[in-house]
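Dear colleague,

I am passing on the structure we spoke about, and my notes on it follow below. Please read them with the structure open beside you.

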Amino acid sequence: MVFGVLFPVFLFLSFTINRHLTAEFAIPGLLGMILFFTATAISPVVVPWEAQSRTLERLMTCPVRIETIILGDILASFAFGLAISIVPIIIGLALGVGIALPAVLGVAIVLAAFCFASLGQVFSIPPTNIPATVNMIASVVKFPVVFISGVFVSLSELPAWAQGIAYLSPLTYFTDIARRSMQGEGHLPAWADILALLAFTAVFLAIALRAH
Amino acid sequence: MIERETVIQVGNLTKRYGKLVAVDHISFSVTKGECFGFLGPNGAGKTTTARMLTGVIRPDGGDASIVGHPAGSLRAKQVTGVVPEMANAYGDLSAWDNLMLMADLYGIPRSHARERAASLLREVGLFERKADPAKAYSKGMKQRLILCMALVSDPEILFLDEPTSGLDVQSARMIMEMVRRLNRDGKTIFLTTHDMDEANELCDRIAVINKGRLIAIDAPERLRMATSGTHSVEVSFEGPVTEEALCKLPSVTRVTKMGDKFRLYTADPGQLAVTLVGYASSKGLRIVSLNTKAPTLEDAFVALIEGGGKCVK
């Protein structure tokens with residue numbers, strides 16, 4: 001809850017207060033941040049935590065594929081991200097933010113939660129039994145990603161070079177499709193956002209399954 | 001002679017950690033229903049070998065199979081149960097939930113799993129506390145729970161890595177008694193230990209490993225008797241005697257002072273007893289006690305590890 005909800009909310013507030021952003025613009029960004037932080041909060045630490053408590057060794061001696069263990073960790077993170085994503089949506093509804101395309105938003109949340117959970121699993125590839133080590137590695141990646149993904153500034157307001165960097169982040173595509181779902185307009189077509197999220201998910205999943 | 005089926009086959013198994021060769025081209029086999037002891041000092045490669053056989057780590061060379069399936073494969077894991085040295089139950093789960101989790105991982109139907117879990121927990125005296133989280137258990141209770149977790153799938157082969165290390169007497173006895181019973185019922189046991197008594201009492205055969213290499217495999221009694229140089233005579237004199245003087249006696253290979261007694265190692269304990277009586281008489285000493293001692297498994301182990309034992313002569 002600390003890393004997944006409180007931290008992104010306060011971070012978001014610190015960058016949005018006094019900037020006179022509309023709720024329609026701010027809520028999709030907050031949703032993206034919370035989903036990104038929660039879905040990447042559990043999967044990176046499960047493997048080192050299990051290694052530390054030696055339960056990973058227990059699992060390794062059972063007739064279960066390592067891929068199944070990794071997928072299980074990803075699903076736990078995915079479920080957590082999915083559940084917590086309801087919080088910013090409720091906040092948005094309370095502030096009067098409508099959802100123009102609820103089905104698109106639903107698909108995007110599910111896809112992004114799985115994508116971010118898979119990314120989280122990539123963070124735990126370095127062999128360690130200290131969760132703090134993995135958290136440090138994850139933070140080094142997560143914070144810059146938040147600032148280059150159009151969470152606080154619309155993609156269309158960014159210069160071309162910054163947009164080029166933004167396209168390297170999976171969060172960019174979720175924030176964009178979330179804005180389209182809520183505001184009715186986005187920078188990229190919805191299908192492009194979905195395709196990009198699918199591609200990132202495939203890459204993160206392949207790396208996580210192969211490298212562990 | 002009845003040919004027994006080989007259930008664990010190891011050939012040239014090797015594991016390296018950087019420049020250190022933790023397990024160095026070891027080969028052995030274990031037959032069905034055998035209790036096989038894997039003995040060695042700390043850092044000899046016992047646990048590394050067990051971890052390769054149970055699929056926790058991959059070997060760098062050689063091969064190993066469990067009931068004909070490659071070690072570490074799902075089929076091999078399906079027929080094995082593992083009791084590691086350090087208890088590794090999920091601390092936040094109850095004993096019961098830990099057992100149900102294991103049953104799920106082994107694909108055991110829930111009704112059968114419940115029956116088996118209840119029977120195992122009763123056997124180790126944990127049934128009354130089955131709802132308590134594992135983290136609230138003592139070390140001995142945790143290790144008993146781990147044994148139940150390893151047995152919930154009713155495995156053909158049981159791997160035990162120093163299962164009684166650091167346990168209270170009651171838990172250690174309970175675990176050893178259960179292992180003995182399981183072996184009697186036909187289960188194959190692979191036991192890594194550095195406890196000589198445990199290995200001597202339980203094992204049909206013992207492999208001794210040191211610095212990653214297998215240095216002996218045989219029945220405990222044959223290992224014990226093979227180290228003829230470790231026969232000894234224990235003697236206590238009334239009067240001053242030095243180790244150096246006793247070391248000069250014929251056929252003595254080593255002398256150890258043990259309190260008010262001396263232990264003299266020899267290949268011929270009968271002759272040495274006669275020599276000692278003559279020595280005492282010539283020096284005007286009275287013999288308080290004199291006993292011949294057959295080598296223990298510990299003597300054999302030390303002799304093997306030290307490459308034949310130290311001679312002070």
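Which side chain meets that of Glu156(B) in a salt bridge? The partner is Lys32(B), at 3.8 Å from N to O, where a salt bridge is a side-chain nitrogen of Lys or Arg within 4 Å of a carboxyl oxygen of Asp or Glu. Because Glu156(B) lies in the loop between α5 (139-151) and β7 (157-161) of chain B, and Lys32(B) in the loop between β2 (20-31) and β3 (35-39) of chain B, the pair ties together parts that are 124 residues apart in sequence. Helices (H or I, at least four residues) and strands (E, at least two) are DSSP runs, numbered from the N terminus.

Before going further, please note that this is a predicted model, in which local features need pLDDT of at least 70 and side-chain atom pairs count only at pLDDT 80 or more, while totals for chains, interfaces and linings use all residues. Residues are numbered from 1 along each chain as its sequence is written, chains are lettered from A and ligands numbered from 1 in the order in which they are written, and side-chain values use heavy atoms, with hydrogens and water left out.

Both members of that pair are partly exposed, Glu156(B) with a relative accessible area of 29% and Lys32(B) with 34%; here buried means under 20% relative accessible area, exposed over 50%, and partly exposed in between (1.4 Å probe, protein chains only).

A salt bridge also joins Glu34(B) to Arg205(B), with the closest N and O atoms 2.4 Å apart. This pair links distant parts of the chain, since Glu34(B) is in the loop between β2 and β3 of chain B and Arg205(B) is in strand β9 (residues 205-210), 171 residues apart. Glu34(B) is buried, at 4% relative accessible area, whereas Arg205(B) is partly exposed at 23%. Elsewhere in chain B, Arg116(B), Asp154(B) and Lys187(B) are linked in a network of salt bridges, and the count over all chains comes to 19.

Helix α1 (residues 46-53) of chain B is largely enclosed by the rest of the structure, because six of its eight residues are buried, among them Thr48(B) and Met52(B). Just after α1(B), Gly55(B) takes a positive phi of about 85 degrees. Leu202(B), in helix α7 (residues 196-202) of chain B, counts as buried at 8% relative accessibility.

In chain A, by contrast, Phe10(A) of helix α1 (residues 2-16) counts as exposed at 55% relative accessibility.

With best wishes
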